[in-house]
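Student: I'm new to this one and would like a close look at a single part. Could you pick one residue, walk me through its surroundings, and then step back to a whole chain?

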Amino acid sequence: MALLLTLLLPSVSVPIIYMLGKKSDKIAALAVALVSIADLSLLLTTVSTVLTYGKHVESYYWIPMLGSEFTLFVDGVSLSMAIVTLILIVAAAIYSINYMEEKTALSGYYALLSLLTIGLVGVFITSNLLVFYFCWELMLVPTYFIIGGWGYKEPYRAAFKFFIFTHAGAVFVLLSIGAVYMLTGNLDMFQAQTLLMTASPDVVKWVLASFTLGFAVKMAIVPVHMWLPDAHSEAPAPMSALLSGVIIEAGAYAIFRVSLSTVFPSIAASAFATQFLHVLMVFGVLSAFYGAFTSLVENDIKRIVAYSSISHMGYVLFGLSLFPFSVNGVAYGSVEGVVGTVLHLVNHAVSKGLLFLVAGSIMRQTGVRDIRKMGGLAGKMPLTTISSALAVFSIAGVPPLACFISEFLIFVGGVQASGSDSFYFWSTFLMLVATVFSLAYVLRFFLKVFLQSLKIKEVKEASVFMTIAMIALAVLVLILGVWPRFFMDLINSVSFG
Amino acid sequence: MTWLLPCSPWLVWIIPSLASLFVPLAAKINGKIRDYFVISASLLTVVFAVSMVPDVYFGTTQIVTDVTVPWVPVPGGQAGVLVDPLSTLFANLIAFLGFIVLVYSLGYMAHKEGLTRYYFLMLLFIGAMIGLVMADNFLLMFVFWEVVGLCSYALVSFWYKRPEACNAGIKVFLMTRVGDICLLAAIIILYVNLHTFSFRTIINLVQEGKVALPILSLASFLTLIGAIAKSAQLPLHTWLYGAMEAPTSVSCLLHGATMVKGGVYLIARTLIIFYTVPMWLTTVAWIGVITAVIGATLALETPDIKGVPAYSTISQIGFMFAALGASSSPQSPGWFASLFHLLSHACFQGLGFLAIGSIVHQLGTRDMRKMGGLRRSMPITFALCLVVILARSGIPPFCGFFSKGLIASTIWSTGDCVLVFLIYAAAALTFAYSLRFLVITFAGEESDYVRKVHVHEAPALMIASSSVLAVLCVILGFFEPFLIRFMHVPLEFNMGSFMSLESLMFLVVLFIGGFPIYLVYIRKSLSADKLRKGILSPIGKVLENGYYFDFVYDSFLVTSVIKPSRGLHQYVEVAGLERLPYLIAGGAMHLAQGVYNYVDGFLDRMCYLVADHTMIVAKGTHKHLETFLDELCYIFAGKAMFHGSRIKKMHTGALPHFVVAAVLGFFILCILLLLTMSW
C-alpha cells in the first residue's frame, strides 16, 4: 500500500492545496512540503524491505484489455531517486514561500507543484511501461504551466520549447512502448525483459535506439540539449531546481531502467551492444566538455548552472555506458561504474538543486542576472555564500562533498571497463580532464558573484525560508559527501546487468 | 606499556577538523572566546600528536591501529589510520607549527575583517593536513589532499576583495588540480588492479611481485605529477608565488607544514611502492635538482620581500625531492635526509615568514626596493632574519647545515657529477639570495620610505611565537641522532662526518655564492642596476618573467581553452544550436503559413469555384433549359391543341367513323393476337 499511497496522497491534495492557496500562499506551500514529507516517510517504510529483498512490489488490477496491471515497484535505484526527488520538492516548496512572494495566483502554482509530485515520483516507482509513460507526460504538463506562468522574460517561449522538445522525445518513447507491447504482449518491464530475449535482435535494436533517443532528449544530451538552457534559466528558481535535479535525471534513470535494464540484455550478445554503449560514451564525453566549455564563458548566472547540468549529464551518460554485461564469459562494463552513476544522479540532484536555489536567491536579492555586474556578495549574503560554496565545490567534485565519491566511482568504473574494452581508458582520462574544467567554471562563477569588490550596494541576505531551504540542502551535500553509505547501500542492493 | 592516548591517531585530525565547524558558534559568543577556543583546540591537537611519539620511538618500525571504520561501501573502502615514523613526524610538525602560527595570528591578524572565517579555515587546514598524513589508504588520503587544496584556495583568496588575491587563489586551485587528477588516476589504476586502497596491502602486493610493471610505472609517474603540483616543483611551480597574496601567517603554515609539504610526504610514503620502477627515482632527483637551481635563481632576482621565501621554498623542496630521488631504497639515508631537511625547512622558513610578516605588517609594502636599514628600528626581527638565513644557507651549527650536509652526501653517493654540481650550485645560490635579502632590507641607511612610516618592533605575541622557531633552528641539528632513532633508519650518526672534506667543500661553495652579493650589495663595487641592464640583461629578463612558465601557461590557456570556449559558446551554442530549434520552428511555421495561404486558399477557392460554376451552370441550365422546356411545352401544347382540334373534328359523333375505328381496332387486335400466338 505504501507506494500506492505515495501516489494517491499528492493527487488527493491537489484540490485541497488549491483551495488552501486561495486563503494563504504560505499555508499552501507548507501543505505541499508536508505532503511531500508524508510521501517521503511512506517511501522510507519500504527501505528495509528493499535492503533485505532487493525490491518492493505492489500490483493492482488495471486495464485488462492490455493485459496490464498497475504495478508499483521500487528497488534500491528507484527508491534513491524517489527519495531525493521528494527532498528537493520539500526544499522547493519551502523556498517558494519567500521566493514567490511577489507573484500572483500562487494557489495554482502550489497545486501544480503538488500535481508535479505525482509525475516526478511516479516515474521512479513503477515497473509498468504504460504507467511510466503516463507519469512521464504528467511531469511535462505542470512544468510547462509553471515555467510559462511564473517564469522570467518570455516564459511561454521557453516553456513552449521545453514542451515541444520533450514531447518530441516522448513520441519516440511511446512508439517504443508500442513496439515492446507488440513484441511481447506485455507492458511490465521485467516480464518484457525476459520475453524480449526471444525477439529478433534486429527489431529490438531499433526499439533500444528509439527509447534511448527519446530519453536522451529529456536528459538534454548534446546535441538535443537546446531546450535546457532556456527552460532552466527562465523557470522560477524552485522549478529550475526540480528541472535540473529531477526531470533531466528522470531521463537518465529511464535510460538505465528501460533502455539498459529492460531492452539492452536481449541484444547484449550482438555486436550492436558495444556500438550502442560506445555511442553513449562518446555523447557523454562530448556533453561533459560542451557543458563545461560553455559554462566557462557564459555570463548569465542561471545559464551557467544550466550548462553545468549538461556537463554533468555527460558524466552520467558516460557512466551509463559502463553498463555491465557479459558475452561468452568475458565481462564488459563495470558494476562500480553504474553504482557511481546512480549515486551521481542523487548527489548531482541535491548539489545542482541547491545551486539553482542559490542562483535564484541572488537574482531575487540583486535584481541582476549578469554575473559581470555582480561581485563581492560574500560580505552581504554570508549564508547564501556558504551554501553556494558547498554547492559549487560539490559540482566540481571536490571531496568531501557529495559529487566527489560518485564521480570517483564512475572513473573507477571507466578504468575497470577498459580492461575488456581499451576504448574506455582514454575516455576515462578525458573525463578526468573535464573535472579540471568543472573546477575552472565554478571558480569563475564563485569569483564573479561572491568575491572581489562589491558592485551592488543595496543587497540583503536572502529571506528566512529561502535560507532555510538552502542551508538544509547544503548540510545534505556535506553529509552525502562525508557519509555516502545510505544511498550507496540502497544502490548496492540492486544486482546490475 | 603504551604512551598512546586512546584513539589519538584518530583524534589528532578529528579534533581540529570538527573544532573548525564550531568556530562560527564560538564567534557568536564573542571574539575572545573564539580565539581561546581555537588555541585550545590546536593545543589539544599538539598533545595528541606528541602522545604518539614515544610509541614510535621505542616501538618497531610500524604500529598500526587496526581499527578501521566502514566508510565507502566498495571493497577496501574502509577508513583507517596509520601510525608509523613518517606519519607521526608529519603530524607533530603540522600540529606544532599550526599551534605556533595560530598564536602568532592572534597578534598578526588582530582587528582584521573575517577572522571567524580565518580561524575556521586554519583549523580545517591543520586538521585536513594531519588527516592526509595519518590516512592508511589512498582514498582517504586523497580526500584530505583535496580538502587541503580547498583550504589553501580559500586562504589564499582570504582578502577576497582584492582581485589579485582571488586570481591567485584560482591559480592555486586549478594548477594543483592538474596534479590532483593525475594522482586520482594513479589511485584508480592501482585500485582497479589491486582492489585495495590500503598502503600496507599495496606494499605487500608489490613486494610479492604481484603487480605488473606497466601498471606500477603508470601509477608511479602519475603520482609523481600529483606530488609535483602540490609541492610546487617544476614545471607546475608558478602557483606558489601567487599564493603570497595570502596573509603571511597562512603562507607560513602553507610553506612550513601543510600543502606544499604534501608532495614530499606523498613521495616519501610511496617510495617503498614505486622505487623499483625504472627511471622513477632518477626523474624525482632530476626534477628536484633542477627546481632547486631555478627556484634559487628566481629568489635572487625578485624585488618582492615575500617572493624570496616563496621561491626559496620551491628551491628547498627541490632539495628534498633530490634527496628522495637519490635514495636507492625506502628508509635509506636519502629518505631520511629529505625528511630531516623538511623539518629544518619548516623551522627556518616558518620563522622567515613570521619575521617577514612583521616587516610587512609594519611597513605596509612588499617591495624590497623601498626598504633598507631596518636593523635599527626592528632589531629583534633583524636577529630572527639572521637566524633564518644562516639556517637556510646551511652555516654550522644551524639546522640547515646538518640536513643539507646529509642531502649533499646522499647526492654524492649517486655518483652523478651533474647532479652534484647542480645541487652545490643551488646551495651557493641559496646563500646568495639569502644574503641579498638581508642586506637590502636591514643593512645600510634607512630608506626614505622607512623613515616616512613609523616602524616599531612587532608585538610581543608575534615575537614570542617566532622566537620558539628561532630556537629550534639553532638546536634542531643536534637532535639528528634522536630523529634517526625515531625514524628507524639504519644510519650511523657521528659528528665526525660533518668535519669531512664534503662539508668543507660545502662551505667553500657557500662562500663562492656569497661573494658576488658581497661585491654588489655591500662593497657596492658593482652596481646591481648596471649589471641588470648591462651584461646580465638577457638573464635578468628571463628571470623577471619567471622563465616564461606563466607566459606559456597563460597563452596556452587562452588559445586552447578560453578562445575555443568563446567560439563554441558564441557560434555553436548561441548562434547555432540555440537558434536551431527556433529556426526549425520558424521553418515549420512558414511551411504551415504557406500551406494555409496557398493550399488551403486554393482548396477554399476551389470550393467557391466549383460552387460558382455549378451555380453558373445551374443558372445557364435554368435559363436555357427552362426556356427550351417552356418552348417545348408550348410547342407540345400548341401541337396538342392543333391535333386536339383535329381529333375534335374526328369526334364528330358520326357512327361510321366509330365503326371504322372499332373494326380497325379489332383488326389490329387480331393481328396482335395472331402475331403473339405461337403456332
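Tutor: Let's start with A:Ser13, which has a relative accessible area of 8%. Buried here means under 20%, so at 8% A:Ser13 counts as buried. Keep in mind that this is a predicted model. Where does A:Ser13 sit in chain A? Look for helix α1, which covers residues 2-23, and you'll find A:Ser13 there. Now set aside the neighbours within four places in sequence, and see what A:Ser13 touches: its contacts are A:Val35 and A:Ser114.

Okay, time to zoom out, this time to chain B. Chain B is built with 28 helices and 2 strands. What about its overall form? Along the principal axes, the C-alpha atoms of chain B fill a box of roughly 185 × 65 × 60 Å. The radius of gyration of chain B is 48 Å, whereas a compact globule of 679 residues would have one near 26 Å.

Finally, the surface and the charges. Chain B exposes about 29,800 Å², and 72% of that comes from carbon and sulfur atoms. As for charges, chain B has 42 positive and 34 negative ones, and their mean positions lie 6 Å apart.

Technical notes. Residues are numbered from 1 along each chain as its sequence is written. Chains are lettered from A and ligands numbered from 1 in the order in which they are written. This is a predicted model: local features need pLDDT of at least 70, side-chain atom pairs count only at pLDDT 80 or more; totals for chains, interfaces and linings use all residues. Side-chain values use heavy atoms; hydrogens and water are left out. Helices (H or I, at least four residues) and strands (E, at least two) are DSSP runs, numbered from the N terminus. Buried means under 20% relative accessible area, exposed over 50%, partly exposed in between (1.4 Å probe, protein chains only). Contact means heavy atoms within 4.5 Å. The radius of gyration is taken over C-alpha atoms; the globule rule is 2.2 Å times the number of residues to the power 0.38. Accessible areas come from the Shrake-Rupley method with a 1.4 Å probe; for residues, only the protein chains shown count as cover. Lys and Arg count as positive and Asp and Glu as negative; His and the chain ends are not counted. The place of a charge is taken as NZ of Lys, CZ of Arg, CG of Asp or CD of Glu.
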